[in-house]
Amino acid sequence: MRTSARSLRHCQLLLMGSFPSSKPYDTRDHLDSLVVDGHSREATTRSTTSITMHQLTVESDPPNSIEYAKGRASPAEAMHSHENSRNLKQVIQQWTSSERLSYSIELIPKEDFVLDLSRLNPQPMFCSLPWISDNNLQYQRFVDTPMLKMTAKIVPHCSVMNHISCYNITETQVDKFVEMGNWNLFVIRGDTVGENQRFKHSSDLVEYLRSKNNPEMTIATGGYPYVHPESPSLDYDVKYLKQKVDLGVDFVLTQTLYDAASYLQYVDECRRAGITVPIVPGIFLPGSYDQLETVLNLTRVNPPADVLAMLHSHALDEPDVFEAFVVKHFVELVRTLRQERPDEVKLVHFFTFNRLGLLRKVLDKIADLF
Ligand SMILES: Cc1cc2nc3c(=O)[nH]c(=O)nc-3n(C[C@H](O)[C@H](O)[C@H](O)COP(=O)(O)OP(=O)(O)OC[C@H]3O[C@@H](n4cnc5c(N)ncnc54)[C@H](O)[C@@H]3O)c2cc1C
């Protein structure tokens, strides 16, 4: 397995929001602390955080210039996901109409990750898979990307929603990705915007996808309870979210959330603006204080000062104390959200970084809500 400078660069944008392109960022230092390399190693301490960078990068040096074949995807590239897509429509119907809480998870596409969903009880409603920078665009065939390889493994067990980023993607590439049967899409802009890229905002890509008139397609997009770092105000953000939703978004997933009040205020603001689709709280469970700091930096979220101070007060916790804090804090967060807005909070989405053990501890403590 070779790792090129180019493939390292492709990993600079990781899942739920990254960092300003103007800000130098050593991904090796930071990403190493985030993902677990297989289910047997749970990252619960600062020192045991695992993976080496090459495990997060592409399997081989990608070709530099790819011409995607025109026309429909060949049978070899078509996937199982047509069933998957229909399934997600039903899944949404299931959690929105249930009186009980449901949850979903984000996993990092890694070829060597042994996914054992039977470890989770109850089962997640769906799994989402992030799109890392323009990594997927470097492959001759999408079907060879770690993301779609992992999709194929998960689909027999659980519905999958693939993230798709506007970053450098062309219409032809979007068409190809969709023609393969990837109809459950989480559309994001990416933190870097190329000067000449076709889709400048995620609303542009939502509009393009909806213009194809595929009623089976599910589209979700991101929301920012702490306001998107480039937005001058919450009003501004919500105005553009409304525009995006009106173009055909089925539900909104929020950026990492650390307190209930900010979500409640955000949801109220969105409802006042006329946004009616579900707004699902996104929750990151940090495996260590370092991971928490890394994700706060990557996502550039700006929680209220007292929330940040509370999080920072755990900087010197021993690993087991920190884990106990994480479980208690996020269990309370989910409970408060449910209590305050039972009709609003029907699903919570956990950014797991493949640490299913920590997730399980949280699920155990909210088992009565499911
Ligand atoms: C749950 C979640 C998952 C994510 N997963 C990934 C991932 O897999 N890969 C990845 O690279 N990134 C991911 N991101 C991060 C995302 O790419 C960044 O947050 C990015 O900076 C913004 O993406 P967006 O789709 O919200 O952008 P946009 O909707 O385009 O919004 C970006 C900014 O522009 C403003 N805006 C929107 N539309 C317009 C317009 N028409 N005119 C002017 N201003 C406008 C918005 O208010 C906002 O300030 C994720 C984010 C979330 C919340």
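Strand 6 is mostly covered, with 6 of its 6 residues buried. This is a predicted model, so side-chain atom pairs count only at pLDDT 80 or more. On one flank, strand 6 pairs with strand 5 in the parallel sense, over 4 bridges. Ala220 has Phe251 of strand 6 as its bridge partner. On to strand 7: strand 6 pairs with it in the parallel sense too, over 3 bridges.

## The whole chain

Stepping back, the protein chain has 13 helices and 8 strands. Of its 370 residues, 46% are buried. Take the contacts between residues at least 6 apart in sequence: 80% of them join residues at least 24 apart.

## Strand 7 and its partner

Strand 7 covers residues 279–284 and runs parallel to strand 8, residues 347–351, with 3 bridges joining the two. Across that pairing, Ile283 stands opposite Phe350 in strand 8.

Is strand 7 buried or exposed? Of its 6 residues, 6 are buried, so strand 7 is largely enclosed by the rest of the structure. Both faces take part: Ile279, Pro281 and Ile283 point one way, Val280, Gly282 and Phe284 point the other way, and all are buried.

Strand 2, residues 126–129, pairs with strand 3 in the parallel sense over 4 bridges. In that pairing, Cys127 stands opposite Val160 in strand 3.

## Leu185 in strand 4

Now for a single residue. Leu185 sits in strand 4, which spans residues 184–188. Why does Leu185 count as buried? Leu185 has 26 other C-beta atoms within 10 Å, and a residue is buried if 20 or more lie within that distance.

Who is in contact with Leu185? Leaving aside neighbours within four places in sequence, the contacts of Leu185 are Met161, Asn162, Ile164, Leu209, Met217, Thr218 and Ile219.

## Around the ligand

Which residues come nearest to the ligand? Of the 27 residues around the ligand, those are Pro130, Arg189, His201, Ser202 and Gly222. By class, the shell divides into 9 nonpolar, 13 polar and 5 charged residues.

Several elements each supply at least two residues of this shell: strand 3 (159–165), helix 7 (202–211), strand 5 (218–223), helix 8 (234–246) and strand 6 (251–256). Helix 8 gives the largest share, 4 residues.

## Two helices crossing

Two packed helices are described by the angle between their axes and the distance between the axes. For helix 9 (residues 260–272) and helix 12 (residues 319–340), the axes come within 9 Å and cross at roughly 35 degrees. The crossing of helix 9 and helix 12 is right-handed.

Helix 9 brings Ala260, Tyr263 and Leu264 to the contact, and helix 12 brings Leu333, Thr336, Leu337 and Glu340. By class, the contact between helix 9 and helix 12 has 5 nonpolar, 1 polar and 1 charged residues.

## Leu358 in helix 13

Last stop: Leu358, whose place is in helix 13 (residues 356–365). Leu358 counts as buried because it has 22 C-beta neighbours inside 10 Å. Leu358 and Val326 are 32 residues apart in sequence and 9.1 Å apart in space, C-alpha to C-alpha.

Terms used: Residues numbered from 1 in each chain as written. Predicted model: local features only at pLDDT ≥ 70, side-chain atom pairs only at ≥ 80, totals over all residues. Near = placed C-beta within 6 Å. Nonpolar A, V, L, I, M, F, W, Y, C, P; charged D, E, K, R; others polar. Pairing = 2+ DSSP bridges. Buried ≥ 20, exposed ≤ 12 C-beta atoms within 10 Å, placed from the backbone. Contact = placed C-beta atoms within 7 Å. Axes fitted to C-alpha atoms, helices over the stretch in contact; angles between N-to-C directions. Left-handed = near helix turned anticlockwise from the far one by under 90°.
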